[in-house]
Amino acid sequence: MIDRDALLEKYRAERDKRLRPEGNAQYVRLATHFPQMLGDPYTPRVEREPVTDHVRFAMVGGGFAGLCTGARLAQAGITDFRIIEAGGDVGGTWYWNRYPGAQCDTASIIYMPLLEETGHIPTEKYAHAPEIQGQAKAIARTFNLYEKALFHTEVSRCTWDEDAFVWVIETDRGDRFTADFVGIGTGPLNVPKLPGIAGIDTFKGHQFHTSRWDYGYTGGSADGAPMDRLANKRVAIIGTGATAVQCVPHLARDAQALFVVQRTPSSVDVRANEPIDPDWFKSIATPGWQTRWLENFAGNVGMGGAAEDWVQDGWTDLSKRIRSRIMALPPSDWTPDKMAAAWEMADHEKMSEIRNRAVDVVEDRATAEKLQAWYRQLCKRPCFHDAYLQAFNRPGVTLVDTDGQGVERIDETGLWVNGQHYAVDCIIHSTGFEVGTPTEERAGFDPVGRGGQKLSEAWADGMCTLHGLNSAGFPNLFLVQFAQAANFIVNVPHNWMETGTTIAAIVRHMTDHGLKTTEPDPKAQEDWVNLLLSGPGMMINNPDCTPGYYNNEGQPMDPRAKYAVGYPAGPNAFFRYMDGWRSNGAFKGLLFA
Ligand code: NDP
């Protein structure tokens, strides 16, 4: 029996311990403080001449957003396409994140985009990073997207030329070329951050961020080979979010001693990964299968209403529990308050199961209790793993719990927590990525549209788009992101496949009709934003949540954040709406010239 009042009091007490008035300012940017940690450890940079040509479509970002856009354009016959990418190859987040144990958290067969097109059969229910990056490369090869790609290149300026009807793109490699269309798909978690711990720059050992894994130091490889050079090393990992949950078991296996420095425990539920049986896969892989599976998953998470659950994972389980609690209410109780209370009880049951799991798995009772998460499940990124909690049963592994306070300070030889010094050879920062810093700072440029107006100026009062994709005053610019669209964050690539199809339809239509520019009718854009604002808004921003990047580190949200909402009727309804919108050929709400 759950004592709701006592539980909520405990949640609030744990939150209060962690609230820090400096919010996001507690973190430091690698580019300014540790540029040496930001370099690409995976691919050598090759010098080249600046590019000064013209392309039909320039895509900023070579992750799945850019690749799905390029693929859909190619399918529509638009092949003059250029990726501009900071990494040394395609893959985006899967290019950078090669830490040991990295794998997708959403089932491969819906997470890995365009599987039907490349013919790849995922090997595991939750594939590991090398296979996922392999799919990114396969998409680039299948659709010939490597041909004009510029790697190790960052856009510094992107300006609409009102006379020539082209975008002028400048980069940090001295390129200055033009494009009829520009897509921006730089992703939401693309800038790694470090904790601003006093003395962090005095550490004389080795330190790196998880998104720049230094296999030269650790030995081993992203493919899972043991990190043999850690056999005589004392290693500390700071942070216990989704990344640490995946790499801690590998560090625990290979390091002489591992100190896992925890500020807030993650909720770590069962993973139950398993190989995919190719015969089973063939039985489901009839034409159009991936779209059906994508829709089925989207219909099972959130308040979607799919009859069956084909994917059967932690995400669908979470949603089904909430839904069944709500559906168990008599129809007279379907009021917002009673539905929220039913949701809350489903959450308490789930979190209580997850807390019990920590005690069942971890042998040392005190350690197990410190690994228990005291907040509602969606306050932080839910995690799933079958070896993370188990790692704390290994003799060389120590949980250094900071009771919500974080590392006190770092010195030349290690770190201090609760007045105790931990001497280590290496510190691995698993401290996440910037969220909440200005978009133009994370992207590295601020598009300049009609009349010299910057996108950040146009959105000074809040984001403003038609379908999350186009913005008035920025002709031929496509924003490949999910806000003001499906906002489907459980399976992000689903957004990209759909957005790519929409972009391809618009560009194909303009090509066929000799149209030079497109941008939203300001009235249609305003109506779209008002429609989105009429929905329930963000459901997970509970004021009692422990701080983290989901809730602006517990500080008041920027009032403009309310504009980062999705289609009120949910992702599948949005995808269906967009299918109708682009198929009838009217492209209602867009102006063409
Ligand atoms: P997170 O932002 O989730 O975690 C950062 C961690 O660093 C937190 O545990 C945080 O503690 C801790 N931390 C920060 N500052 C300090 C400090 N001063 N002292 C001690 N600890 C500190 O980053 P991740 O890289 O783990 O994950 C980011 C996101 O990337 C995930 O939420 C997920 O969306 C995505 N991801 C997805 C994966 C997948 O799908 N397979 C795998 C990995 C990541 P606190 O919680 O107290 O702030």
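Modeller: Let's start with a term: a polar contact is a pair of N or O atoms within 3.5 Å; within protein, one must be able to donate a hydrogen and the other to accept it, and residues adjacent in sequence count only if both atoms are side-chain atoms. Bear in mind that this is a predicted model, where local features need pLDDT of at least 70, side-chain atom pairs count only at pLDDT 80 or more, and totals for chains, interfaces and linings use all residues. Residues are numbered from 1 along each chain as its sequence is written, and side-chain values use heavy atoms, with hydrogens and water left out.

Now the contacts. Thr243 puts a polar side-chain atom 2.6 Å from an oxygen atom of the ligand, and Tyr549 has one 2.7 Å from a ligand oxygen. At Ala242, a polar backbone atom is 3.0 Å from an oxygen of the ligand. On its own the ligand exposes 920 Å², and the protein buries 89% of that (accessible areas by the Shrake-Rupley method with a 1.4 Å probe; for residues, only the protein chains shown count as cover).

Stepping back, 26 residues sit around the ligand (near means a heavy atom within 4 Å). Thr243 and Tyr549 are among those that come nearest, along with Gln103, Thr264 and Lys380. Helix α9 (residues 242–254) gives the largest share of this shell, three residues (helices are DSSP runs of H or I, at least four residues, numbered from the N terminus). Domain 1 (4–33 + 192–271 + 364–429) and domain 2 (54–191 + 435–592) each supply at least three residues of the shell, with bounds from an automatic or database domain assignment.

Notes: Helix = DSSP H or I, 4+ residues; strand = E, 2+ residues; numbered from the N terminus.
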